[in-house]
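Subject: Structure for you to look at

Hello,

Here is the structure I said I would pass on. Please open it first and keep it beside you while you read my notes below.

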Amino acid sequence: MSSHSFLQVRNLGRAYGARAKPTFSRVNFDIEKGEFVCIIGHSGCGKTTVLNILAGLDAATTGDVVMDGREIGGPSLDRGVVFQGHALMPWLTVGKNIAFAVRSRWPDWSRDKIDAHCRKYIDLVRLTGSEHKKPSELSGGMKQRVGIARAFSIQPKMLLLDEPFGALDALTRGTILDELLSICAETRQTVFMITHDVDEAILLADRIMLMSSNAENGPPARIAEIVVNTLPKSRTRGNMHHHPQFYRIRNHLVDFLVNRSGDLPQSSAGDGGGIDFPPEVRPGLEADRTTGASGGASVIPLKQGMHIEKLSNGGNK
């Protein structure tokens, strides 16, 4: 872990009430500039709360978050957020929804400059010709495209995505994923994304953080390990499952979610204030195993695109 990482999260914890058990604690990780990081974990483990703290929309009970050398203490246009819902202003058109964000970022820009800037991002998400439509005239996928265009249009230092594609049908979801990959490759955007879809994480992420469960009688959730995605950067939805590393990585993720997320030892740092970074693993580089006990290539019982909620009945809601 570099002391000069773009984003540094140290001993982050969040509890609701002075005597309440923390939802999560001792969360430590770094993100490098231009990196795409996904976080996966069962419902209730605190993923969205971590994202909200990174966005400055919530305050941590313990710990610190530093981005680009400055501590995060509240919302900022340096961080763009795309929520699960499109969060568009229904009385504004596509172009004006995006222009509202651009004008907030650069209040001194002329109308012509704002319009030209908005058109660039409308074109980027393939909504050319729909700039004068209101949200009520758009499909669900088109609304999410507007949200993505709006977030990118302010040129944030970091983009935060809270499972933005969960409500979309499979075909629309796949198309937008391809577009997101293309945009991130073009802009070198730093991204932190929550997802419940294992295949989606493998497609998009450079690294995948696995968050343990927040069981009622167990320890608070934390980042248990970080999986380095060793698939080629050129992977696509159509070809990645043919790569020999794909099922090794996928099975490792599924094994964690089904078998290991709720049965982890206490942090080795204890309560002494030390920093306990999660281990980084590279299951894609491991040789095929015959038992499948730790995510080897023989464990392939799941349908492509299966979500976490379908893997276990024990997740906290």
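A residue is called buried when its relative accessible area is under 20%, exposed when it is over 50%, and partly exposed in between. Histidine 132 has a relative accessible area of 70%, so it counts as exposed. Please keep in mind throughout that this is a predicted model.

Histidine 132 sits in the loop between helix 3 and helix 4. Its C-alpha atom is 8.8 Å from that of leucine 92, and the two residues are 40 residues apart in sequence.

Leucine 180 belongs to helix 5, and its relative accessible area is 3%, so it is buried. From leucine 180 to isoleucine 148 the C-alpha distance is 8.5 Å, while the separation in sequence is 32 residues.

Proline 279 is in the loop between helix 7 (246-260) and strand 11 (280-281). With 45% relative accessibility, proline 279 counts as partly exposed. Proline 279 and valine 227 are 52 residues apart along the chain, and 8.5 Å separates their C-alpha atoms.

Salt bridges

How many salt bridges does the structure hold? The count is 16. I looked at three of them, among them one between aspartate 58 and arginine 14.

In that pair, the closest N and O atoms are 3.3 Å apart. Aspartate 58 has 24% relative accessibility and so is partly exposed. Arginine 14, at 15%, counts as buried.

Glutamate 35 and arginine 207 also meet through their side chains in a salt bridge, with 2.5 Å from N to O. This pair again links distant parts of the chain, 172 residues apart: glutamate 35 is in the loop between strand 2 and strand 3 (36-40), and arginine 207 is in strand 9 (residues 207-211). Is glutamate 35 buried or exposed? Its relative accessibility is 11%, so glutamate 35 counts as buried. Arginine 207 is buried too, at 8%.

Glutamate 179 is in helix 5, and arginine 126 is in the loop between helix 3 (111-124) and helix 4 (140-153); the pair links distant parts of the chain, 53 residues apart. Glutamate 179 has a relative accessible area of 6% and is therefore buried. Arginine 126 has 64% relative accessibility and therefore counts as exposed.

A charged patch

Which residues form a positive surface patch? They are Lys96, Arg103, Arg111 and Lys134. Lysine 96 is found in helix 2 (residues 94-105). With a relative accessible area of 52%, lysine 96 is exposed.

Backbone angles

Arginine 26 is not a glycine, yet its phi is positive, at about 50°. Arginine 26 is placed in strand 2 (residues 24-31). Its relative accessible area is 15%, so arginine 26 is buried.

Arginine 188, which is not a glycine either, has a positive phi of about 55°. Look for arginine 188 in the loop between helix 5 (170-187) and strand 8 (191-194).

Cysteines

How many disulfides are there? The count is 0. A disulfide would need a pair of cysteine sulfur atoms within 2.5 Å. Cysteine 38 has 0% relative accessibility and so counts as buried. Cysteine 118 is also buried, with a relative accessible area of 3%.

Regards

Note on methods: Residues are numbered from 1 along each chain as its sequence is written. This is a predicted model: local features need pLDDT of at least 70, side-chain atom pairs count only at pLDDT 80 or more; totals for chains, interfaces and linings use all residues. Side-chain values use heavy atoms; hydrogens and water are left out. Patches are made of residues with over 30% relative accessible area and no salt bridge: like charges are joined within 9 Å, nonpolar side chains (Val, Leu, Ile, Met, Phe, Trp, Tyr) within 5 Å. Accessible areas come from the Shrake-Rupley method with a 1.4 Å probe; for residues, only the protein chains shown count as cover. A salt bridge is a side-chain nitrogen of Lys or Arg within 4 Å of a carboxyl oxygen of Asp or Glu. Lys and Arg count as positive and Asp and Glu as negative; His and the chain ends are not counted. The place of a charge is taken as NZ of Lys, CZ of Arg, CG of Asp or CD of Glu. Helices (H or I, at least four residues) and strands (E, at least two) are DSSP runs, numbered from the N terminus. Buried means under 20% relative accessible area, exposed over 50%, partly exposed in between (1.4 Å probe, protein chains only).
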